[in-house]
Amino acid sequence: MPQSYISGLGHYVPPRCVTNKDLEKLMDTSDEWIVERTGINTRHWVDIDTESTAGMGVKASLIAIKNANINVEDIDFIIFCTLSPDYFFPGSGVLVQEQLGLGTIGALDIRNQCSGFVYGLSIADQYIKTGMFKNILVIGSEIQSTGMDISTSGRNVSVIFGDGAGAAVVSASEKKNRGILSTHLHSEGKHAEELMAKDRCCTSEKGKPFNAERFYPVMNGNNVFKHAVTRFPEVINEALIKNGYLSKDINLLIPHQANLRIAQFIQRTMKLRDDQVFNNIMNYGNTTAASIPIALSEAWQQGKVNEGDLICLAAFGSGFTWASALIKW
Ligand code: UT7
């Protein structure tokens, strides 16, 4: 049976960098509040006239394909993870297929928000292991900035989220004990309304006043936080136990970049050293489905992901959904 491994990584963020000070001009917030509660200093926002969710995914993918040392034509399936597709339907995966000129290969969109990329990786892993495909593009891409309430009423959500894309090529290998060891997926839909966008596609309700609560994402931040700090360690331990490892064996944990305080909480609970956890939320904010592939790509670029390393990816978010992947690089 072939093993699956990540053969190439890439990421792209739009050039416009938005600081906390910039946000102070849009809403009643402060650099101090944002840094203390979230750890975020800057995030990137698109110019919507020149960028698209699929287009950013393509930019990240071309880098990932180059780093995988394969040609675009070698990609035989696309998995696109996003909560902010270009259209309500169809999904953005087909737009990537078209923009990359990939004939008529299959494309699948995943709407699992912050856990989307790990869910996508899990699907790619299964397709590779059954021999159905050899090189699958798994993309996480988000444009959040155009869909948020950037006035004071939306400040608990809009200071956190940013735009960007990350991509991984998942390939087949005959090498044993290498690559994706296992993935673990969970959901608990009774919490669906704790972090949600109700009617994003319905811009107007005839005869009714505009209802921001229905259109913009809403979040019960405190409750999401409480569940996150329980579910992250739980799903990381599940992956470690399944493969006979302990937390001290992890070379690098890449948690979904939700909030630096959540990542620090996980680090303390799991008794991990600073060098065992990668965070870049300070620079990009929370980019939902794109956050793990952006962080993984950046960690790899910085030489923090090397052959033989035990890498753990873990995510939690809207749904609630949560997931982990353990990888022997
Ligand atoms: O990736 C998907 C998963 N999402 C998450 O994991 C997010 C989890 N939750 C969080 O990260 C945090 O709950 C937040 C960062 C969203 C909020 O932090 P908090 O410490 O839970 O603050 P809070 O919601 O309890 O609000 C505290 C105060 C409130 O004012 P009062 O009622 O105490 O007067 C808020 O109105 O802070 C106020 N506030 C703000 N003040 C300045 C909320 N947002 C802001 C803001 N700037 N941006």
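Student: How far is a polar side-chain atom of Trp 33 from an oxygen atom of the ligand?

Tutor: The distance is 3.2 Å. Keep in mind that this is a predicted model.

Student: Okay! And how far is a polar side-chain atom of Asn 259 from an oxygen atom of the ligand?

Tutor: For Asn 259, that distance is 2.6 Å. Asn 286 also has a side-chain N or O atom 2.6 Å from a ligand oxygen.

Student: How much of the ligand's accessible area does the protein cover?

Tutor: On its own, the ligand has 950 Å² of accessible area, and the protein covers 74% of that.

Student: Which residues come nearest to the ligand?

Tutor: There are 21 residues around the ligand, and the nearest are Thr 29, Arg 37, His 256, Asn 259 and Asn 286.

Student: Which domains does the shell draw on?

Tutor: Domain 1 (3–173) and domain 2 (179–328) each provide at least three residues of the shell.

Student: Changing topic: how many aromatic pairs are there in the whole structure?

Tutor: A search of the whole structure turns up six. One of them is Phe 77 with Phe 133, a stacked pair with 4.7 Å from centre to centre and 10° between the planes.

Student: Where do Phe 77 and Phe 133 lie?

Tutor: Phe 77 is in strand S4 (residues 77–81), while Phe 133 is in the loop between helix H5 (116–129) and strand S6 (135–142). The pair therefore ties together parts that lie 56 residues apart in sequence.

Student: Are those two phenylalanines, Phe 77 and Phe 133, buried or exposed?

Tutor: Phe 77 and Phe 133 are both buried.

Student: Now for Phe 316 and Trp 322: why does that pair count as tilted?

Tutor: Their planes are at 35° and their ring centres are 6.1 Å apart, so the pair is tilted. For comparison, the planes would have to be under 30 degrees apart to count as stacked and over 60 for edge-to-face. Phe 316 is buried, and Trp 322 is buried too.

Student: Which residues form the aromatic cluster there?

Tutor: Phe 316 and Trp 322 form one aromatic cluster together with Phe 232 and Phe 320.

Conventions
Residues are numbered from 1 along each chain as its sequence is written. This is a predicted model: local features need pLDDT of at least 70, side-chain atom pairs count only at pLDDT 80 or more; totals for chains, interfaces and linings use all residues. Side-chain values use heavy atoms; hydrogens and water are left out. A residue is near a molecule or strand if one of its heavy atoms lies within 4 Å of it. A polar contact is a pair of N or O atoms within 3.5 Å; within protein, one must be able to donate a hydrogen and the other to accept it, and residues adjacent in sequence count only if both atoms are side-chain atoms. Accessible areas come from the Shrake-Rupley method with a 1.4 Å probe; for residues, only the protein chains shown count as cover. Domain bounds come from an automatic or database domain assignment. Rings of Phe, Tyr and Trp (its six-membered ring) pair if their centres lie within 6.5 Å; planes under 30 degrees apart count as stacked, over 60 as edge-to-face and the rest as tilted. Helices (H or I, at least four residues) and strands (E, at least two) are DSSP runs, numbered from the N terminus. Buried means under 20% relative accessible area, exposed over 50%, partly exposed in between (1.4 Å probe, protein chains only).
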